[in-house]
Amino acid sequence: MPPLRYPPKPKPGDRVAVVSPSAGLPAIFPHVYELGLRRLREEFGLEPVEYPTTRMAGADPRDRARDLTAAFADPSITAVLATVGGDDLITVTPHLDDEVLRANPKPYFGYSDNTNVLNHLYRLGVVAYHGGSVLVHLGRSGAPHRLTFDSLRAALFTSGWYELTAATEWGDEPRDWRDPATLTEEPVMFPGEGWRWQGPERVVQAPTWGGNLEILHWLLATDRVPPAAELAGSVLIMETSEELPSDAEVFRIVRNMGERGLLGAFPAIVVGRPKAWEFDKPHTLEQRIAWGEAQRAAVTKALAAYNPEAVVVFDVDLGHTDPQLIIPYGGEMRIDAVERRISVRY
């Protein structure tokens, strides 16, 4: 694998690509999408540039790959933002033009199913950014969340170290996108209780790798993850999606990473706060708390067998919950288990 390099950053006033390499949800929820575009212009001073499949539902994977490649090839585009996740980006990445991506590195922002692209860029030696969905975060109902926007702004425009902040409030119950009237309503939020630490008190500073746990399992099944020797010494980041995999399934996925020889390669592991509510599973707060406890226990059980000396931090807001902190993918992260602080280099 080539050495990882940070791509040049955009500046206010630049043109940035807005693409839908996974689900074409801007076609279904244009009011949410337009709110995200407006905030991209007004809050960040960037000019979004759309591509033929950005607002297209069910676009052919080859066409989506063509748009993503074109965004990297265009010299006037200084960053690329995914509109949202989905479930079939694994069929898109084989059609990307790797020579174009490698020759024209740009900051790519996405999470969830976009783990496919983040991992793909990682293997090309390009640092990308886990987080920053146009619909989910830029199009958040009510007002933008300060922690999300502060982190996104720093990731977009700066290149130094940025200290992550534990959320004083969190939520995983978004408003219903099918009703445009809900865009003015704040999401349901609960008091935050900080990060949960376990393992030895030491400092780990290393590049990151990982992403959405379910997608990582797909990548393992298709043999598209780097070998354990390349990942040795890295920080594993992982989080779960709105599909709400059970604690048993989380254990099996993490266990399988151990059987593959991957899990023991990571001196530190940062686990996102698990989403525990969905429209068809409207769990109470008490049920969500129990869900989180079961998820932490599942990860801890797998680590006990394959990597008992890892520094582990749970409930970091880096995934499918609100707010969302942006994590450089392949970029540096510092986990200080002595002072209990986490910093990233954007």
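## Close-up views of salt bridges and an open sheet

**View 1. Arg345 and Glu332 form a salt bridge, with their closest N and O atoms 2.8 Å apart.** A salt bridge here is a side-chain nitrogen of Lys or Arg within 4 Å of a carboxyl oxygen of Asp or Glu. Arg345 belongs to strand β16 (residues 341-345) and Glu332 to strand β15 (residues 332-336), so this pair ties together parts 13 residues apart in sequence. Strands (E, at least two residues) and helices (H or I, at least four) are DSSP runs, numbered from the N terminus. Both partners are partly exposed, Arg345 with a relative accessible area of 26% and Glu332 at 23%. For these labels, buried means under 20% relative accessible area, exposed over 50%, and partly exposed in between (1.4 Å probe, protein chains only). Please keep in mind that this is a predicted model: local features need pLDDT of at least 70, side-chain atom pairs count only at pLDDT 80 or more, and totals for chains, interfaces and linings use all residues. Residues are numbered from 1 along each chain as its sequence is written, and side-chain values use heavy atoms, leaving out hydrogens and water.

**View 2. Strands β15 and β16 run antiparallel and are joined by four bridges.** Asp336 has Arg341 of β16 as its bridge partner. Zooming out, these strands sit in an open sheet of eight, in the order β6-β16-β15-β10-β11-β12-β13-β9, with mixed pairing. At the edges are β6 (161-163) and β9 (196-198), each pairing on one side only. Two strands pair if DSSP finds at least two bridges between them. From one strand to the next, the twist averages 25°.

**View 3. Helix α7 (residues 213-221) lies across β10 (203-212) and β11 (235-239).** The helix runs at about 80° to β10. Axes are lines fitted to C-alpha atoms, for helices over the stretch in contact (heavy atoms within 4.5 Å), and angles run from 0 to 180 degrees between N-to-C directions.

**View 4. A salt bridge of 3.8 Å, N to O, brings together the side chains of Asp74 and Arg15.** This pair links distant parts of the chain, 59 residues apart: Asp74 is in the loop between α2 (61-73) and β3 (77-82), while Arg15 is in strand β1 (residues 15-19). Asp74 is partly exposed at 22% relative accessibility, and Arg15 is partly exposed at 35%.

**View 5. Glu43, Arg146, Asp150 and Arg153 are linked in a network of salt bridges.** A search of the whole structure finds 28 salt bridges.
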